[in-house]
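Trainee: Could we read through a model together, feature by feature? I would like the general idea each time, and then the case at hand.

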Amino acid sequence: MRSLIASLLLIFSLNMSAQQPETRSLSSPEPGLQVRQEFRRAYNAKDVDAVVALYADDATLVSDGGTFKGRDGIRKWVKAGVDQGSRLEAIEPSVEKSSGTLAYETGRTRRLVGSVVHLGQYLIVMEKIGGRWKIVQHFSLSAGETDRE
């Protein structure tokens with residue numbers, strides 16, 4: 001009887017630990033943090049190739065400007081923003097979740113174009129492909145604009 005109870009407790013504890021969210025050390029930040037930092041750095045450096053490299057080959061991006069499929073399509077979206085003199089001031093996540101090889105993040109963005117601040121909302125889905133996190137789905141929608149204060 002004791003061995004049955006001990007076995008049940010072991011199974012229960014293994015099941016509970018498998019359901020617990022993955023913990024990460026400080027040396028291994030959430031995938032969204034890595035992608036956000038690189039996206040903002042590359043975008044503001046006008047490095048279109050580096051931004052596009054953050055996406056999977058078959059990624060899809062949906063924005064107010066349309067749907068862009070694959071890296072070639074996404075390149076057009078990124079280049080249009082860079083060509084208009086856009087500067088990405090902030091990417092502010094509100095929710096970040098990851099488990100194994102999939103992760104997602106939602107939040108807000110703030111871009112400056114001249115003296116106009118463009119506010120946005122986003123959702124990205126990332127997948128670990130070949131040991132690197134890549135964006136596989138990206139939804140980027142306008143949340144209005146305002147004059148810079």
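This is a predicted model: local features need pLDDT of at least 70, side-chain atom pairs count only at pLDDT 80 or more; totals for chains, interfaces and linings use all residues.

Trainee: How many helices and strands does the protein have?

Mentor: Helices (H or I, at least four residues) and strands (E, at least two) are DSSP runs, numbered from the N terminus. Here there are 4 helices and 6 strands, and along the sequence they follow the pattern α-α-α-β-β-α-β-β-β-β.

Trainee: What share of the residues is buried?

Mentor: Buried means under 20% relative accessible area, exposed over 50%, and partly exposed in between, with a 1.4 Å probe and protein chains only. Of the 149 residues in the protein, 33% are buried. As for contacts, meaning heavy atoms within 4.5 Å, 47% of those between residues at least 6 apart in sequence join residues at least 24 apart.

Trainee: How do I read a helix such as α4, and what should its 14 residues span?

Mentor: The expected span is 1.5 Å times one less than the number of residues. For α4, residues 70–83, that gives 20 Å, and the end C-alpha atoms are 20 Å apart, which agrees.

Trainee: And which residues of α4 are buried?

Mentor: An α-helix has 3.6 residues a turn, so residues three or four places apart point the same way. In α4 the buried residues are Gly70, Gly73, Ile74, Val78, Gly81 and Val82. Their cover includes α2 (31–44), α3 (48–52), β1 (55–63) and β2 (66–69). After α4 comes Gly85, with a positive phi near 80°.

Trainee: What follows α2?

Mentor: Lys46 does, with a positive phi near 60°, although Lys46 is not a glycine. Lys46 sits in the loop between α2 and α3 and counts as partly exposed because its relative accessible area is 46%.

Trainee: Turning to strands, in which sense do β1 and β2 pair?

Mentor: Two strands pair if DSSP finds at least two bridges between them. β1 and β2 are antiparallel, over 4 bridges, and a hairpin of 2 residues joins β1 to β2. Val62 stands opposite Thr67 in β2.

Trainee: How is a pocket found, and what is the volume of the largest pocket?

Mentor: Rolling a probe the size of a water molecule over the atoms shows where empty space is left. On a 1 Å grid over the protein atoms alone, a pocket is an open set of points where a 1.4 Å probe fits, with protein on both sides within 12 Å along at least five of seven lines; lining residues have an atom within 4 Å of a point. Points are joined across faces, edges and corners, and the volume is the space filled by probe spheres set on them. The largest pocket has a volume of about 580 Å³.

Trainee: Which residues lie nearest the centre of the largest pocket?

Mentor: Of its 30 lining residues, Ser63, Trp77, Thr109, Arg111 and Ser140 lie nearest the centre. β6 gives the most to the lining, with 7 residues.

Trainee: Last one: where is Ser115?

Mentor: Ser115 lies in the loop between β4 and β5, and at 49% relative accessibility it counts as partly exposed. Ser115 and Arg148 are 33 residues apart in sequence and 5.5 Å apart in space, C-alpha to C-alpha. Leaving aside neighbours within four places in sequence, Ser115 is in contact with Thr146, Asp147 and Arg148.

Key:
Residues are numbered from 1 along each chain as its sequence is written. Side-chain values use heavy atoms; hydrogens and water are left out.
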